[in-house]
Amino acid sequence: WVAHPGDTITVNFTNKLGEPTNLHTHGLHVSPAGNSDNVFIEVQDGETVQYRYVLGADHPTGVYWYHPHHHGMAADQVFGGLYGALIVEEPTPLAVNSERVLVISDITLQSNGSVAAMTDMNKLMGREGALMLLNGQVSPNYESASGAIERWRIVNACTSRYLSLSIPGGSAQILGMDSGQFTPPAPLSSITLAPGNRADLLVTIGTTPATLAYTTVPHRDMKGMGATATNYTDYPLATFTPHGTAAPVALGAIARHPGPNLRNVTVTAKRSFKLAMPAGMGGMGGLNGQFTINGVPFEMNTVNTTVSLGTVEEWTIMNTTTMDHPFHLHVWPMQVLTSGTTSFEGVHYRDVVNVPANSQAIVRVHFNEFPGQAVYHCHILDHEDLGMMGIIEAK
């Protein structure tokens with residue numbers, strides 16, 4: 001999808017899956033109520049629902065995405081291929097030679113072509129598919145041009161996989177991550193995207209083929225849990241081969257709008273969120289409900305956090321486990337202050353913030369508009385489905 005600030009996006013959504021589902025517009029700053037970004041809607045098999053998303057005139061431009069969010073089914077449905085990119089475009093696009101949307105995902109297929117079922121161990125550790133895909137293909141080849149300046153909008157649509165990305169054979173600048181924009185654009189040698197993160201890059205192609213290369217980000221406790229996932233080093237997710245010479249382009253000044261610095265405003269409340277998961281397979285009861293935030297698993301009818309519209313809060317997200325967790329808040333972007341031992345200078349907004357193992361992240365959130373109920377959760381989607389999610393209500 002491509003939209004602009006001030007647009008209304010209307011979607012006629014028909015479910016033919018044979019099971020319930022729904023739709024989440026990941027990262028959009030839109031209402032969580034009614035038929036907008038309401039993850040509590042349940043679209044039954046054979047049912048059609050019309051979603052309607054109203055983007056404010058000041059909505060941040062950038063790369064977003066959409067995917068199902070029906071509790072208990074999100075991981076399976078995203079793993080099976082239900083996702084897509086969503087671009088909120090600038091009024092005047094950048095003058096580049098070409099633009100590419102690059103959606104990275106993974107999947108495991110059985111010999112008959114169906115999507116493989118996951119074991120409890122897969123769900124505990126965060127499933128990682130046997131096939132790495134870019135725009136639904138394995139290591140596709142694209143034509144480019146020598147000296148081309150391209151805009152790459154990259155989405156990590158993997159259910160659980162962290163992506164360490166680099167661009168051998170090309171040079172890059174980063175324009176933004178999630179809805180956050182970098183001022184000025186910064187040189188980039190590599191970047192790590194947690195599940196759900198996006199990156200907006202300017203890439204210059206040289207005279208030899210360039211690749212978008214992936215290197216495995218291993219879980220810290222993988223060996224202890226007997227994991228056997230394939231490890232990749234500089235694996236070419238896609239190759240961009242120059243044919244001919246690109247026409248020169250004049251980029252000029254690149255307008256970036258990082259957003260308000262919440263360090264300079266009064267904080268109304270400080271909250272702590274403690275992420276926890278079982279150390280093993282969860283005992284006789286299995287894993288369901290063993291993943292928690294502040295000691296309780298997700299409950300559909302329980303509001304865990306109530307906030308006041310117009311206020312700014314500071315959240316400390318604590319990870320008590322031996323693996324990283326990507327923390328996602330719907331509707332309202334988070335300004336990241338710290339993640340583990342890293343302090344973020346300047347203004348950095350994310351809607352997915354990595355919380356390192358046995359560490360914490362600190363963010364600030366401006367609940368500037370939109371009454372209603374939304375959720376926050378781990379974006380390792382099996383962990384979300386198994387209980388690591390809470391309901392937030394703004395009023």
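Surface patches are made of residues with over 30% relative accessible area and no salt bridge, like charges being joined within 9 Å and nonpolar side chains (Val, Leu, Ile, Met, Phe, Trp, Tyr) within 5 Å, where a salt bridge is a side-chain nitrogen of Lys or Arg within 4 Å of a carboxyl oxygen of Asp or Glu. The model is predicted, with local features requiring pLDDT of at least 70 and side-chain atom pairs counted only at pLDDT 80 or more, while totals for chains, interfaces and linings use all residues. Residues are numbered from 1 along each chain as its sequence is written, and side-chain values use heavy atoms, with hydrogens and water left out.

A nonpolar patch on the surface is formed by Leu 109, Val 115, Leu 131 and Val 138, which together have about 290 Å² of accessible area (Shrake-Rupley method, 1.4 Å probe; for residues, only the protein chains shown count as cover). Val 138 is placed in the loop between strand E8 (131–134) and E9, helices (H or I, at least four residues) and strands (E, at least two) being DSSP runs numbered from the N terminus. With a relative accessibility of 47%, Val 138 counts as partly exposed, a class lying between buried (under 20% relative accessible area) and exposed (over 50%), with a 1.4 Å probe and protein chains only. Ala 130, found in the loop between helix H2 (120–125) and E8, counts as exposed at 52%.

Ser 144 belongs to strand E9 (residues 141–146) and is buried, its relative accessible area being 10%. Beyond its neighbours within four places in sequence, Ser 144 is in contact (heavy atoms within 4.5 Å) with residues including Arg 100, Ile 205 and Phe 240. Phe 240 is itself buried, with a relative accessible area of 0%.

The structure holds 15 aromatic pairs, in which rings of Phe, Tyr and Trp (its six-membered ring) have centres within 6.5 Å, and planes under 30 degrees apart count as stacked, over 60 as edge-to-face and the rest as tilted. The rings of Tyr 142 and Phe 240 are stacked, because their centres are 5.5 Å apart and their planes lie at 20°. Since Tyr 142 lies in strand E9 and Phe 240 in strand E17 (residues 235–245), this pair ties together parts that are 98 residues apart in sequence. Trp 332 and Phe 367, by contrast, form an edge-to-face pair, with ring centres 5.1 Å apart and planes at 65°.
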